[in-house]
Amino acid sequence: MIKSLIGTFLVAAAATSLMAAPASATSSSAGASAVAVAVAAKPHLIRGKISFGRCGHTCRVKVRIRNVSRTTVFNVRLKARLKVNGRHVGTCYDNVGTIRARKTRWASCTVRSRSLSRAYNRYLAGRSDYNRHVFTTTYYRYYR
């Protein structure tokens, strides 16, 4: 929790410094802050499509990651957060690797957790629904 608070504080501090600098800065420092904004805003080079395998006490999440740019993307990683009936029940990670320009790679990971098992047991007992939803985040370090 402390890490998330520190991260939120750093993002807020960076955003306020980027917004305040061009108004009171000279032309040379305004150019430097414009470069900082361009570096901070990374282009979205990849698209994903989610599918499920079997989903009971463990859920297999399969994601097709497509590089839509004309550049190669390196060090691609996947993070999938699984929610059942609006409650977070688990997270899984996968290292995808390099995706060449305009190509597709498949990534998959398995969510195993006590809260997922409990949600599935409640579903089998008839006490609740089993509506699952996955949020995926795909990270990449750099491209060229």
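Which residues of helix α3 are buried? Let's start there, and please keep in mind that this is a predicted model.

Helix α3 covers residues 114-124, and its buried residues are Leu 116, Ala 119 and Tyr 120. Look down the axis of α3 and you'll find these buried residues within an arc of 95 degrees, so they line one face of the helix. And what do the buried residues of α3 pack against? Five strands: β1 (46-55), β2 (58-67), β3 (73-84), β4 (87-99) and β5 (104-112). If you follow the chain just past α3, you come to Gly 126, which has a positive phi of about 85 degrees.

Now, on to the cysteines. How many disulfides does the structure hold? There are 2.

Let's take Cys 55 and Cys 59 to begin with. Their sulfur atoms sit 1.5 Å apart in the model, and the two form a disulfide. The link of Cys 55 and Cys 59 is right-handed, with 50 degrees about the S-S bond. Are these two cysteines buried or exposed? Cys 55 and Cys 59 are both buried.

The other disulfide joins Cys 92 to Cys 109, with an S to S distance of 2.0 Å. This pair links distant parts of the chain: Cys 92 lies in strand β4 and Cys 109 in strand β5, 17 residues apart. Here too, both cysteines, Cys 92 and Cys 109, are buried.

To put the cysteines together: number the bonded ones in sequence order, and the pairing reads 1-2, 3-4.

Thanks, everyone!

Terms used: Residues are numbered from 1 along each chain as its sequence is written. This is a predicted model: local features need pLDDT of at least 70, side-chain atom pairs count only at pLDDT 80 or more; totals for chains, interfaces and linings use all residues. Side-chain values use heavy atoms; hydrogens and water are left out. Buried means under 20% relative accessible area, exposed over 50%, partly exposed in between (1.4 Å probe, protein chains only). Helices (H or I, at least four residues) and strands (E, at least two) are DSSP runs, numbered from the N terminus. The arc is that of the directions from the helix axis to the C-beta atoms. Contact means heavy atoms within 4.5 Å. A disulfide is a pair of cysteine sulfur atoms within 2.5 Å.
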